[in-house]
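User: Could you take a close look at one helix packing contact in this model, and then at the aromatic rings? Here is the structure.

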Amino acid sequence: MSVSVVLKIIGGILVALVVAAGLVMTIVPRFLDRIYYRGGETDHYDGARFFNPDGDADTTRTPGGGGRAGFLWRQLTGSDGRPVWPTAVPVAASKPAARIDGDRMVVTWIGHASVLIQTQGLNILTDPVYADRAGPLGFGPKRVAAPGIAFDDLPRIDLVLVSHNHYDHLDQATLKRLWLRDHPQIVTSLGNDSVIGQTGARAMALDWGGNATLTAAGLQDTSTDIRCDPDSWCPGDRARIFITRNHHWGSRWFTDRNRALWSSFVVALPGGGNIFFAGDTGFGDGLWPAEAAAYGPIRFAMIPIGAFRFAPGQMSSGSHVGPAEAALIHQRLGAARSMAIHWGTFRLSYEGYDTPPRMLAAAMRCTGGTGFTAERIGVPFEVPRYVPPVVPPVGFVQLPPVPTRDAILRCLDTPAVKALR
């Protein structure tokens with residue numbers, strides 16, 4: 001074979017490779033993109049993608065700086081000087097009761113943002129994830145703590161809250177199993193119903209400020225329905241779910257960023273104080289906790305404290321609150337009792353395994369508050385009945401205002417806290 005023929009063959013192969021690469025660069029991003037929601041523009045939706053009305057700059061930066069490819073490589077290889085995590089931790093798994101009736105409230109942390117709340121005959125489950133890895137196609141951070149309740153030991157689930165579409169919060173396989181077994185009512189924010197629907201399950205998706213009422217017949221969108229006085233309950237109403245703002249972002253791939261909305265939730269029950277689920281969130285403008293508290297006094301809240309450190313000494317990231325901000329959120333909610341979530345299950349950042357709860361304890365001492373603790377996975381605990389606060393008498397001298405974020409950080413600027421990696 002002559003040299004010229006060989007060169008022509010090589011040239012043809014190179015041209016084919018260039019064309020193939022061009023096709024991949026053109027087709028793959030569009031293939032990986034998804035249109036989860038279509039609707040009119042709002043103060044947090046531009047007609048194509050959702051955004052944080054209090055600013056997005058802090059959620060678009062790569063954690064720790066540098067490019068996304070470098071960040072992913074450091075995550076995969078562990079070449080970032082991060083403290084060593086255990087490969088597995090002991091979990092005292094439990095088997096819950098079938099139902100908890102009356103005003104009693106029993107809570108079991110399953111792990112990460114998955115929590116079972118049992119009260120008034122309802123079984124409520126948040127962001128259920130039973131996957132061994134939090135990522136697509138079997139990749140992603142591996143679970144170090146087994147679920148605190150085995151899937152087959154879950155009681156019949158009535159209501160599921162799904163905060164957004166990240167893999168550590170929206171696990172399609174788990175949702176499919178729940179749907180086939182229990183057909184629970186699923187509430188989420190706009191666009192995530194499309195992702196959930198891929199499993200065959202059905203979900204009601206609502207915008208921030210929307211609400212649904214759980215009745216004996218199922219869910220009803222009551223966002224604009226004045227079926228009852230807003231301050232009363234209709235016969236047969238079991239719970240009212242409010243979709244509330246937080247500060248985050250969403251994506252299942254690289255190019256479908258913010259095609260679906262993220263949210264927190266308030267669950268109002270017929271008496272006894274509300275339940276608040278923060279989902280996954282950064283601090284943002286810090287005003288959204290008060291917006292949730294406006295729906296009524298909060299008996300129990302679930303607030304994230306982990307995945308906040310991507311550089312030495314970092315105390316929070318744009319998408320994730322750290323313990324200092326979490327303590328401030330607890331106070332701004334006015335929650336009687338809060339539990340720490342989003343730590344100690346999947347390793348998503350660079351802080352040590354037990355740094356979040358230890359730092360939370362220090363932050364709570366700085367605020368002078370009580371009622372916000374980290375609990376053990378799989379160990380159920382009772383949330384006390386809600387007792388309305390005593391109204392101060394006329395002329396009563398109020399306590400000092402809730403400390404600011406900067407004040408808490410100054411309080412935490414100690415050798416003991418700095419030693420927490």
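Analyst: The chain has ten helices and 15 strands, taken as DSSP runs (H or I of at least four residues for helices, E of at least two for strands) and numbered from the N terminus. Bear in mind that this is a predicted model, where local features need pLDDT of at least 70, side-chain atom pairs count only at pLDDT 80 or more, and totals for chains, interfaces and linings use all residues. Residues are numbered from 1 along each chain as its sequence is written, and side-chain values use heavy atoms, with hydrogens and water left out.

Now the helix pair. Helix α7 (residues 323–333) and helix α8 (residues 355–367) have axes that come within 8 Å and cross at roughly 50°. Those axes are lines fitted to C-alpha atoms, for helices over the stretch in contact, with angles running from 0 to 180 degrees between N-to-C directions. α7 and α8 are therefore oblique to each other; angles under 35 degrees count as roughly parallel, over 145 as roughly antiparallel, 65 to 115 as roughly perpendicular, and the rest as oblique. The crossing of α7 past α8 is right-handed, the near helix being turned clockwise from the far one by less than a right angle.

Who touches whom? On the α7 side you'll find Pro-323, Ala-324, Ala-327, His-330 and Gln-331, and they meet Pro-356, Met-359, Leu-360, Ala-363, Met-364 and Thr-367 of α8 (contact means heavy atoms within 4.5 Å). Of the residues in this contact, eight are nonpolar, three are polar and none is charged. Here Ala, Val, Leu, Ile, Met, Phe, Trp, Tyr, Cys and Pro count as nonpolar, Asp, Glu, Lys and Arg as charged, and the others, Gly among them, as polar.

On to the rings. Phe, Tyr and Trp rings (for Trp, the six-membered one) pair if their centres lie within 6.5 Å; planes under 30 degrees apart are stacked, over 60 edge-to-face, and the rest tilted. By this rule there are twelve aromatic pairs. One of them is tilted: Tyr-45 with Phe-50, 4.5 Å centre to centre and 40° between the planes. Tyr-45 counts as buried because its relative accessibility is 2%, where buried means under 20% relative accessible area, exposed over 50%, and partly exposed in between (1.4 Å probe, protein chains only). Phe-50 is buried too, at 2%. Another pair, Trp-208 with Trp-262, is edge-to-face, at 6.5 Å centre to centre and 75° between the planes.
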